[in-house]
Amino acid sequence: MSPTTARPESRPACRCAVAALAAAGLLWSAAAAARAELEAPEAVRELLQRHVRILQADAVLPEVAADRSAVARRTRREVADLLATEGYFSPRIELRRAGAGPWKLVVEPGERAHVASVRVDFEGDLAGEEGERPARREALRAAWALQPGAPFRQGAWDEAKTGLLDDVSARDYAAARLAASRAEVDPESATVALSVTVDSGPPFRLGPLAVSGLHHLPADLVERHSTLEPGDRYDRDHLLDLQSTLQNAPQFGSVIVDIERDPALADSVPVRVEVSEALPRKAGLGAGYSTNTGYRGELSYSDVNLFKRGWELYSGLRLEQRRQSLYADVFLPPVRARYRDSFGAALERSDLQGLRLTTQAVGVARATSRGNIDTQVALRYQHERRDPDGAESTSANTLSANWTWRRRAVDDLLDPRAGYVLEVQVGGGARAVLSDQDFLRLYGRYVHYQPVRGRDVLILRAELGATLAPSREGVPQDFLFRTGGAQTVRGYAYQSLGVSEGDATVGGRYLAVGSAEYVHWFRPQWGVAAFVDAGDAADIRRDLDPQVGYGLGARWASPAGPLALDLAWGHEDRSLRLHFGIAIAF
């Protein structure tokens, strides 16, 4: 049989196979693989283009009539459901094809529905009339996110319900739940009436801490970091504060603080604290460079569970070109998160501006933090030897008491763009108590960050200091003042502004420094700065003669905070200096 006579005999079988496959919905034409065209307003075009199946690049459209009808029904349902999530409840949807031309999906979404009314009701303890309950209900209703007149969207409706439940359960009512919610749609008027009911459940009171995960650390370490007391009202923010405090403690690798939201436990719910212990000991090696003190190398060692008591030891040897130090400090665990004690010792040598200084010191301190305010009281005994070029060597012994108060009211501690930092220090010693000289040191520092035109910032800085003493003799250099260098008066060498003694520059009893700097951030991590600094240190107040420096700089917003490269002109010295500081740990 020739091919010519065979072809007509095979046609009926092919038609039957095609019909069977088409009825099962399995045969699609590869020739019609191009996606359909969309005709719709811009307000809904992107939504439809992204989610409707037949509009996707890999869509395959059917050529068989039965399949075309099924696809049209499915597409209309798909489009209608999508538009309803955006508040369009009366759309006109058509999927058509003219002859052998392309498929076209035509969508007219109709009028978008708006919220006509909102009703928020409460059940459980919050529905009572005692105490602050009525005021809290009104505050919750006022904070409802989807107010009358707003366009209705399913996402906004869900977010509003979630936000309401979150606000109720954040304080007192840990077991709060949505008892009912309803959105009644009127397609003719394009309006939606919303109603929601929250069952607050009973108010929760905190019970004792239930700590798990401690193996080598002291059993009371978590309690020493906590301010929570049995009987306190449940407040999620207070639990998160404890979790953040513990997470920042070096003894812990991970921390979860939560409670069981079981109404049966509401009268005294245990606070569940799950921790994992971090490795207690670390050794480090670092290197860096600063225009103030030159190249630097550093060895460090820490143990955050010293003697298995949760004590923190930080020690190190730092070798810089112009300064070397050996130190060890031990920090005790906090006492109910109210204060923290520490003690330590240090040995330091420096050679700056012709003054060679050797200091040995031991001290104890108590630090307290309350929000953005830090205070510290310290007692320090030190022996100091001074060797100025061209003058006699001297030594001094001092037992000093010092108080520091610092407030950081800034938007970002590492990269502040708005707010201020205020610091006040008071310290001194007396001959009657192991000191060679009577003196009282007063110091204040203020830095203001003013945002300008978006991300730009104006930084204003002022420093004032005075050491009240018969003379500077016998007063340690730490309690006198020198200035100049990066972060002080740029354009002058580090600590070069002070009192001349022989061929050296030593500290004086008075300090005054002011600075203004404007930083323009032209990219998220890169900026340029223009600045002017002025300041001086002197032994007599009338001898203060502010030295002026000004210049330009580059800024890089590193993860550790902005790094600065400044080129400054010292007006009185008639000199150009580069100020730069960066450290790399490895």
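Predicted model: local features only at pLDDT ≥ 70, side-chain atom pairs only at ≥ 80, totals over all residues.
## A pair of rings at the surface

Let's start with Y314, which is partly exposed, with a relative accessibility of 29%. Here, buried means under 20% relative accessible area, exposed means over 50%, and partly exposed is in between (1.4 Å probe, protein chains only).

Residues are numbered from 1 along each chain as its sequence is written, while side-chain values use heavy atoms, with hydrogens and water left out.

The score to know is pLDDT, the predictor's confidence in each residue, running from 0 to 100. The protein chain averages 90, and 91% of the residues score at least 70. Confidence is lowest in helix α1 (residues 3–23), with a mean of 36, and highest in strand β13 (residues 323–331), with 98. Helices (H or I, at least four residues) and strands (E, at least two) are DSSP runs, numbered from the N terminus.

What happens over residues 1–34? There the pLDDT is below 50, and beyond near neighbours in sequence this stretch has 24 contacts in the model. A contact means heavy atoms within 4.5 Å.

## Rings that meet

Rings of Phe, Tyr and Trp (its six-membered ring) pair if their centres lie within 6.5 Å; planes under 30 degrees apart count as stacked, over 60 as edge-to-face, and the rest as tilted. That rule gives 10 aromatic pairs. In one of them, W144 and W157 sit edge-to-face, 6.1 Å from centre to centre, with 65° between their planes. This pair links distant parts of the chain: W144 is in the loop between α4 (133–142) and α5 (154–169), and W157 is in helix α5, 13 residues apart. Buried or exposed: what are W144 and W157? W144 is buried at a relative accessible area of 4%, and W157 is buried at 3%.

Now back to Y314 and F331, which also form an edge-to-face pair, with 6.0 Å between centres and 70° between planes. Y314 belongs to strand β12 (residues 311–320) and F331 to strand β13, so the pair ties together parts that are 17 residues apart in sequence. Elsewhere, ring pairs join F307, W311 and F343 into a cluster.

## Charged partners

How many salt bridges does the structure hold? The count is 50, where a salt bridge is a side-chain nitrogen of Lys or Arg within 4 Å of a carboxyl oxygen of Asp or Glu. R380 and D478 make one of them, with their closest N and O atoms 3.4 Å apart. These partners connect distant parts of the chain: R380 is in strand β16 (residues 373–388), D478 is in the loop between β20 (456–468) and β21 (499–501), and 98 residues separate them. R380 is partly exposed, with 29% relative accessible area, and so is D478, with 43%.

R453 and D456 also form a salt bridge, at 3.6 Å between their closest N and O atoms. Here R453 is exposed at 70% relative accessible area, whereas D456 is buried at 3%. R133 and E130 meet in another one, 3.9 Å from N to O. There's a network as well: salt bridges link R461, E463, R490, E517, D533, R555 and D566.

Strands of a sheet pair through backbone hydrogen bonds, either parallel or antiparallel. Two strands count as paired if DSSP finds at least two bridges between them.

β8 and strand β9 (residues 269–277) run antiparallel, joined by seven bridges. I259 stands opposite V271 in β9.

## A histidine tucked away

H225 sits in helix α6 (residues 221–225). H225 is buried, with a relative accessible area of 10%. Leaving out residues up to four places away in sequence, H225 touches L242, T245, L246, A249, P334 and A337.
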